[in-house]
Amino acid sequence: MLEITTDASSISILPPRLNERGVSNRRTVAQRSLEGLVTFLICYFRNLPITEALQFLLTAKADLLAAVQLIELTRPMGGRLCAISSQTTEIALRCAAVSASHPEPAVLASKSLLLASHFEQLSQILTIGGGCLSPDAINRLRKLLDEPLEQRADSPKPVRHALIRLNGYIRGTCKLNKCPFASTETLRTLILEKMHLFFEGRLGLLRRRHHHGLLKAGLCFGPADNPVSNIILNTIWYDTAFPQRQEFKVDVICTNSIVRIGCRSLSGLLAFLHSLFPALTEHEAMLHLFCSNANLHEVVFGAMQDHGISGSYEDAYRAAAEAAFHPHPEAQAEFAVSTSPTLLPTLESSEEVGRALTSNELELISRYFSKKSVKVGSVSSVTELVPSADKIVKQNQERFNENQYFIRRKVKAALQRYATEKGTQYELHVVCGTNFEVPENGKHGRCFHCEYKGNKIVHPAFGTYRGRETDFEELASGERRAGNEGLILFDKLMIDCVGVLCEDDSVYFDPIVDSEFAQGMNDIVKEEEEAREEFFRQDIAVEDAEDTNTEEEQTCEDDYYLSEDEEGHEDHNSEALDVDCAKAREEEAHDELCTEALAL
């Protein structure tokens with residue numbers, strides 16, 4: 001352990017082997033401890049690669065709580081700090097104990113939480129006698145461990161002491177306002193997680209009739225100073241400038257659709273920065289976006305410290321809109337540079353209290369935008385769905401409506417039960433994502449199943465639900481085929497596939513304006529039909545080849561039997577000839593005997 005915490009090069013030669021077969025019995029206590037520490041971090045934090053977890057542990061000198069604080073300070077997701085008594089912490093402790101081959105993982109986790117809840121008493125016991133623990137200190141520690149674990153509010157002292165230790169570890173070695181060990185891919189994932197929270201939060205502020213505009217054009221960049229306000233302004237502007245031919249009012253929005261608009265926003269932000277600062281690397285751009293919470297104005301100010309601006313803002317916004325696949329990039333770029341965000345006080349007051357925008361406020365913003373003319377390019381001819389594609393779209397819409405009815409009924413029943421028990425009435429605005437593929441035999445528990453599918457469903461820090469406990473313990477013990485790196489890969493694949501047409505696109509399909517979707521569906525159907533025809537052609541060719549082979553084999557078999565018959569006939573003739581010769585010799589011998597007899 002001393003080597004691991006003092007020499008960074010050891011990371012490349014000693015990665016943690018999470019319960020790898022054949023090495024469990026050969027691991028030293030130090031190796032098992034290291035694997036337990038790494039396992040705690042990757043089970044506590046999402047999208048944390050093992051190599052980065054090792055780097056954090058190295059910097060924190062294998063001090064687990066200090067390493068947790070370092071990660072939360074350098075990868076802030078909502079400003080939270082480690083809640084020691086949370087269920088997430090307990091599950092991560094059990095997983096760490098499983099990975100380290102502890103004989104009683106649940107006991108170790110509960111006793112660790114017990115000691116953390118008696119931080120002051122523990123500190124006093126550990127300081128008795130100076131260096132080694134005295135017999136008295138051991139007895140007092142044993143009595144402390146025998147006490148029952150009670151639910152109590154977290155004391156700030158363990159975290160405070162961990163931050164003090166962390167300050168000593170990192171003094172002069174790294175900056176907390178950076179993400180020191182994150183790769184470009186990790187930064188991308190973390191930025192998209194932040195954006196996902198932005199979009200889910202804005203869904204509660206907007207009315208249902210604006211959900212279509214949000215998923216189409218609610219990008220994070222625009223006329224406002226912050227991404228949250230831009231999401232709202234872009235959404236309402238788009239719905240005002242390009243009104244829907246038919247109104248879509250849905251209660252359920254799939255997380256895939258929210259992930260897609262987040263990925264499109266990130267692509268646009270990167271294109272904007274590349275247009276203004278060509279020398280800025282992708283990693284530097286990601287780092288700026290992460291540290292500023294995707295606030296483009298802060299990013300530009302930070303980048304200007306080391307790079308000069310090249311090009312105009314309008315060109316940069318146009319490049320951003322095109323990279324984000326905005327339906328009308330030219331109009332979006334003009335909107336971004338020509339609109340003064342005079343409506344921000346209304347948006348900020350709504351966000352502060354966490355309420356939805358009222359109909360009057362939405363009407364005010366829409367009226368403001370309706371006074372601005374919008375330049376739209378030539379409209380391309382409308383592409384109609386072919387019969388097979390039209391059938392698929394209608395089937396997707398029917399399936400969505402059935403699922404939405406089921407989900408809405410369940411959620412409203414739960415809200416009614418809560419109102420009866422607590423006396424507080426809530427109104428359903430929108431359901432952000434569902435996962436119908438959680439197995440029935442799953443245990444309660446961070447959701448392994450959702451992460452395995454790449455779903456971005458937000459789960460509570462407390463409470464029970466399938467996929468939180470046992471599944472991660474199985475990951476820690478090596479029983480799961482998909483380990484930590486596998487979950488990270490599934491999340492990346494989910495992000496890489498957001499541009500592919502999916503069932504959710506059918507829900508908002510407008511045949512008057514969605515020509516690209518119609519063309520895409522027609523192309524998919526055409527490719528499937530061509531693939532099916534090619535399959536049948538190959539199948540028929542295989543059958544013909546089999547028939548030909550069968551005929552050739554039959555011919556060969558007939559020739560074989562014919563050859564055997566001819567050989568048999570020749571053998572028969574040969575045998576007959578031999579018989580005739582034998583008879584002739586017998587007759588000759590008989591004649592000779594007769595001649596001798598006559599002579600006598």
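This is a predicted model: local features need pLDDT of at least 70, side-chain atom pairs count only at pLDDT 80 or more; totals for chains, interfaces and linings use all residues.
1. Helix α5 spans residues 64–74, and nine of its eleven residues are buried. Among them are Leu65, Val68, Leu70 and Ile71, together with Gln69, Glu72 and Thr74.

2. Thr189 belongs to helix α11, residues 184–203. Its relative accessibility is 10%, so Thr189 is classed as buried, the cut-off being under 20%. Beyond its neighbours within four places in sequence, Thr189 makes contact with Asn47 and Asp491.

3. Side chains of opposite charge can pair when their charged atoms come close. The model contains eleven salt bridges. One of them joins Arg165 to Asp63, with the closest N and O atoms 2.5 Å apart. This pair links distant parts of the chain, 102 residues apart: Arg165 is in helix α10, and Asp63 is in the loop between α4 and α5. Arg165 is partly exposed at 32% relative accessibility, whereas Asp63 is buried at 14%.

4. A salt bridge also forms between Glu282 and Arg188, whose closest N and O atoms are 2.6 Å apart. Because Glu282 lies in helix α15 and Arg188 in helix α11, the pair ties together parts 94 residues apart in sequence. Glu282 is partly exposed, at 40% relative accessibility.

5. Within helix α17 (residues 313–323), Arg318 and Asp315 are three residues apart, about one turn of the helix. Their salt bridge has its closest N and O atoms 2.8 Å apart. Arg318 is buried at 18% relative accessibility, while Asp315 is partly exposed at 40%. Both residues belong to a network of salt bridges that also includes Glu314 and Glu330.

Technical notes
Residues are numbered from 1 along each chain as its sequence is written. Side-chain values use heavy atoms; hydrogens and water are left out. Buried means under 20% relative accessible area, exposed over 50%, partly exposed in between (1.4 Å probe, protein chains only). Helices (H or I, at least four residues) and strands (E, at least two) are DSSP runs, numbered from the N terminus. Contact means heavy atoms within 4.5 Å. A salt bridge is a side-chain nitrogen of Lys or Arg within 4 Å of a carboxyl oxygen of Asp or Glu.
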